[in-house]
Amino acid sequence: MRRLLTVWLLIGLLAIAFTAPVLADDEDTPAGLVVDASQSLGEISPYVLGSNYTPWTSIPFDLIPAAQALGINYLRLGGGFSDERDLYPDFIDMFIVVARMIDAEPAITVRLLHSTPEQSAESVRYTNIERGYGVRYWSIGNEPSLFQTMFRTDYTTEDYNRKWRAHAEA
């Protein structure tokens, strides 16, 4: 029941987020947001039920059964945490343990700002070669549009494109 409620809540949020406001064609009809609940948006991907994982959003071991019951099947080591620090092997290991315990597909975000392509490549090497975890989903940086605000740095689209490409190629 809880999973069904979560799915319907997500459907509602997606419908609101992806429905553009409609302007009225005449004066008698109020302008605003219109949601047609009778229209199907298609099948929901099983990866919709995901979450970020960071030190401040980790899942305590005594709550593992509750996390399993929620059906979280995609867990991302990322968020602002990934923009602020490099990933250390012990944290990657703990993340993988938790992802496996709740049967979630792990995804990892490597640091972009104040990092090097070599550091990103080392995270991939450690995770998938040395430890053999087989993480298939990787992202580079979290929200570069926040770099200027969070880190008080001048960061342009050109900077992002150049740095992202270097990390991706590494």
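Modeller: An open sheet holds 4 strands with parallel pairing, in the order S1-S2-S3-S4; strands are DSSP runs of E with at least two residues, helices are runs of H or I with at least four, both numbered from the N terminus, and two strands pair if DSSP finds at least two bridges between them. This is a predicted model, in which local features need pLDDT of at least 70 and side-chain atom pairs count only at pLDDT 80 or more, while totals for chains, interfaces and linings use all residues. Residues are numbered from 1 along each chain as its sequence is written, and side-chain values use heavy atoms, leaving out hydrogens and water.

Biologist: How are the rings of tyrosine 53 and phenylalanine 95 arranged: stacked, edge-to-face or tilted?

Modeller: Rings of Phe, Tyr and Trp (its six-membered ring) pair if their centres lie within 6.5 Å, and planes under 30 degrees apart count as stacked, over 60 as edge-to-face and the rest as tilted. The structure holds 3 aromatic pairs. In this one the centres are 5.5 Å apart and the planes stand at 50°, so the pair of tyrosine 53 and phenylalanine 95 is tilted.

Biologist: Are tyrosine 53 and phenylalanine 95 buried or exposed?

Modeller: Buried means under 20% relative accessible area, exposed over 50%, and partly exposed in between, with a 1.4 Å probe and protein chains only. Tyrosine 53 lies in strand S1 and phenylalanine 95 in helix H4, 42 residues apart, and both residues are buried.
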